[in-house]
Amino acid sequence: MKTRTNESRRGFLKNLAVAGGGLIIGFNWLESEAAVSTVSTLAEPSGVGFNSYLSISPQGIITILSPNPEVGQGIKTAFPIIVAEELDADWTKVIVEQAPLDTKKFERQVAGGSGSIPHSWQRLRTAGATARQMLLQAAANRWNAPVTECTTASGFVMHSASNRKLSYGELATEAGKLPVPTDVKLKQPKEFKLIGSTVKNVDNPKILTGKSLFGLDFYREGMLFAMLQRPAFGYKLKAVNSAAIKAMPGIVDVVTFDNNVAVVGKSTWQVKKAKDALQIDWEKTDAVESTSDHNRLFKELLDSKEATVRRKDGDVDAAFASAAKVVKAEYQCPFLPHSPLEPMNFFAHVRPDGVELVGPTQTPERARNETAKLLGISPDKVTVELTRMGGGFGRRLQADYVLEAVQVSKAVNAPVKLIWTREDDMTGGSYRPAVRYRFEAALDARGTMIGYKLRGVGIRSGNPLREDNFPSGSVDNLLIDSVEYNKSPITTGPWRAPITNFLAFAEQSFLDEVAQAAGKDPVAFRLELLDKAKQKPVGAIKYDIDRMRGVIELAVQKSGWGKKNVAQGFSVYFSHRSYVAQVGEVAMVKGKPVLQKVYAVADCGIVINQSGARQQITGCVVDGVGHAMYGNLTFKDGLPEQKNFNDYRMIRINEIPDVEVHFVQNEIEPTGLGEPALPPAGAAVANAIFKATGKRLYNQPFMDEPVFKGIS
């Protein structure tokens with residue numbers, strides 16, 4: 001029995017035809033910067049160029065194809081809401097089908113970067129509004145009435161003068177024969193009825209009842225299972241007891257490639273037992289590293305005379321020479337695994353005529369192209385079918401696990417499903433890179449910051465800085481530079497809110513420290529810097545000063561900043577196009593600080609679904625707080641010392657604070673929410689702990705700091 005995970009575009013259209021007519025609109029998802037979408041019906045010659053579809057069946061069911069994988073960001077709920085709003089449809093009759101991988105038709109078939117909604121906003125609205133106008137015209141034609149006298153609501157076209165109405169399903173086929181209007185008018189935000197309301201995730205029932213098909217659920221009759229034993233970083237394969245393993249029950253083969261040893265068999269249990277029985281001789285190389293090596297490297301890099309200057313404003317040396325006070329501090333964050341609930345897995349079937357891939361990936365195009373490159377075949381020979389993903393957090397932006405499945409399938413000439421264990425996930429690489437930052441601030445006699453220096457160093461981190469973020473633009477004399485170490489064998493990759501997930505903790509903690517040294521309230525100090533950036537900007541400013549001020553002021557209002565008998569810590573950050581301010585509240589319990597509440601205020605433009613948006617922010621806060629408090633992956637002789645959740649600490653349910661979410665109301669186009677609320681979380685907590693204990697936290701995880709000594 002073959003298990004299917006989605007519907008091909010051709011099949012989607014075919015099914016519509018079988019349904020007996022209806023309206024099918026193609027709209028163009030290309031050219032992300034285009035002001036409007038290209039829209040046409042299937043019957044029109046211009047329709048050749050469209051790449052997605054909105055259909056209305058004679059039964060009134062409205063369907064759209066979505067190019068983006070669903071990884072929990074809620075697009076299967078948000079996309080229908082956007083379409084239904086402009087269409088004046090009953091949103092419960094709008095469904096989303098997962099589009100197949102087709103980068104000739106679709107652009108940005110990726111789940112990542114908080115970009116799905118911003119990218120699709122205008123296109124979905126245009127498609128919905130176009131369909132509505134065609135339905136209006138179809139009804140007017142049938143009634144021989146002026147279209148201006150017709151109105152729409154909840155999936156019906158009405159003509160109040162004659163007290164008549166028709167459903168969208170009844171009009172769909174007639175509407176589909178009309179020319180596509182070119183002057184579609186979109187609603188004004190004040191006219192929104194559905195956008196901005198609270199709608200439950202449409203997939204909740206399927207997820208709760210186990211009906212959603214995740215990658216681990218996928219099964220193909222006759223397929224084999226495989227697990228890999230990977231070397232510690234800096235080691236290479238010397239020998240393995242292949243003959244003994246092949247003799248074990250259910251084991252089909254033992255395959256070696258790229259220093260990996262793959263055990264292939266007929267069931268996961270048999271493969272797991274055989275993997276545990278592997279006896280492998282690994283050969284050590286000069287590249288083997290431990291955490292102690294990384295700490296030494298950080299010091300060398302911070303003191304290095306060779307650095308890449310990322311931004312320089314004014315005369316920094318003169319500012320520091322004239323300073324009344326100088327504040328210095330260093331902050332460090334460790335490597336972290338992604339730890340998605342569903343471990344990595346993928347199905348691959350390498351055949352003479354092509355390759356079939358099925359599984360969870362945030363970037364199906366990358367999986368296809370890297371497979372084609374590996375095998376030396378055309379990408380057209382590789383198909384990718386998506387399953388639901390049990391978390392990604394950037395880990396599934398990599399294609400290493402896909403290529404492993406491909407290599408095993410090719411080696412054994414059979415369809416193979418590769419499965420990682422939790423231990424594989426923590427020891428198999430692609431981590432959040434470890435970084436360290438050195439800050440210096442120069443204050444004049446009035447407590448004004450007249451100089452600012454930041455050096456970022458990282459191990460395989462790329463540029464560990466975002467040099468144009470606040471407070472850049474508000475300080476006359478500023479130097480931001482970096483030194484990178486890219487020789488490490490430890491593999492790294494994007495981790496939720498890349499770079500800013502740890503940079504924000506360091507920057508916002510240091511600003512708090514500078515405010516204290518200046519004798520100023522932390523919030524007032526930040527507002528003072530924003531005023532400076534507004535009135536006398538220095539260099540490029542790539543954040544919106546008024547939007548940042550907006551979230552700060554609302555956070556102050558909602559949290560009762562400075563007016564409550566509780567230790568509060570403040571943080572504000574701009575990342576991934578959105579602005580988030582947070583206030584953490586810490587109480588002393590039995591002499592130890594305990595995070596009790598986080599106020600989070602976001603400006604992400606127009607909020608499409610209050611439910612989904614609040615979930616995204618709450619999830620980000622919990623994720624950010626949890627990893628700042630507990631997350632730590634250390635290395636000894638090239639191997640992570642933490643291998644499962646018994647020794648890699650995650651935040652527990654009883655440790656999750658109350659999260660109160662608020663949004664700045666405006667009419668700005670949506671700017672995404674999957675990541676922006678995570679970066680400020682660590683600093684809000686650290687600054688609140690300082691207020692409660694008087695002790696600064698300079699390193700993550702916080703629980704390893706002396707202030708928490710003795711707390712399990």
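Which residues of α2 are buried? I looked this up before anything else. In α2, the buried residues are Ile75, Thr77, Ala78, Phe79, Pro80, Ile81, Ile82, Val83, Ala84, Glu85, Glu86 and Leu87. Buried here means under 20% relative accessible area, exposed means over 50%, and partly exposed lies in between, with a 1.4 Å probe and protein chains only.

**Ground rules**

I noted that this is a predicted model, in which local features need pLDDT of at least 70 and side-chain atom pairs count only at pLDDT 80 or more, while totals for chains, interfaces and linings use all residues. Residues are numbered from 1 along each chain as its sequence is written, and side-chain values use heavy atoms, with hydrogens and water left out.

**The whole chain**

I counted 17 helices and 28 strands in the chain. Helices (H or I, at least four residues) and strands (E, at least two) are DSSP runs, numbered from the N terminus.

I then checked the overall size. A compact globule of 712 residues would have a radius of gyration near 27 Å, and the chain agrees with this at 28 Å. The radius is taken over C-alpha atoms, and the globule rule is 2.2 Å times the number of residues to the power 0.38. Along the principal axes, the C-alpha atoms fill a box of roughly 80 × 75 × 50 Å.

Of the 712 residues, 59% are buried. I looked at contacts (heavy atoms within 4.5 Å). Among those with a separation of 6 or more, 76% join residues 24 or more positions apart. The chain exposes about 28800 Å², of which carbon and sulfur atoms supply 51%; the areas come from the Shrake-Rupley method with a 1.4 Å probe, and for residues only the protein chains shown count as cover.

**Helix α2**

I went back to α2, residues 75-87. Its 13 residues reach 18 Å from the first C-alpha to the last, close to the 18 Å expected at 1.5 Å a residue. The expected span is 1.5 Å times one less than the number of residues. Twelve of the 13 residues are buried, so α2 is largely enclosed by the rest of the structure. Asp88 follows α2 and has a positive phi, near 55°.

**Helix α17**

Helix α17 (residues 679-693) is also largely enclosed by the rest of the structure, because twelve of its 15 residues are buried. Among them I listed Pro679, Pro680, Val685, Asn687, Ile689 and Phe690. The cover over its buried residues includes α13 (500-518), α14, β23, β24, β25 and α16 (610-630).

**Helix α15**

I compared the length of α15 (residues 545-559) with the rule: its 15 residues should span 21 Å, and its end C-alpha atoms are 21 Å apart, which agrees. Its buried residues include Ile545, Arg547, Met548, Leu554 and Ser559. What covers the buried residues of α15 includes α14 (522-535), β23 (567-575), β24 (578-589), β25 (592-603) and β28 (658-663).

**Two single residues**

Is Ser212 buried or exposed? At 10% relative accessibility, Ser212 counts as buried. I found Ser212 in the loop between α5 (204-208) and β9 (224-229). Beyond its neighbours within four places in sequence, Ser212 is in contact with Lys206, Ile207 and Asp217.

Asp317 lies in helix α9 (residues 316-321). Asp317 is exposed, with a relative accessible area of 61%. From Asp317 to Gln615 I noted 46 Å in space, C-alpha to C-alpha, and 298 residues in sequence.
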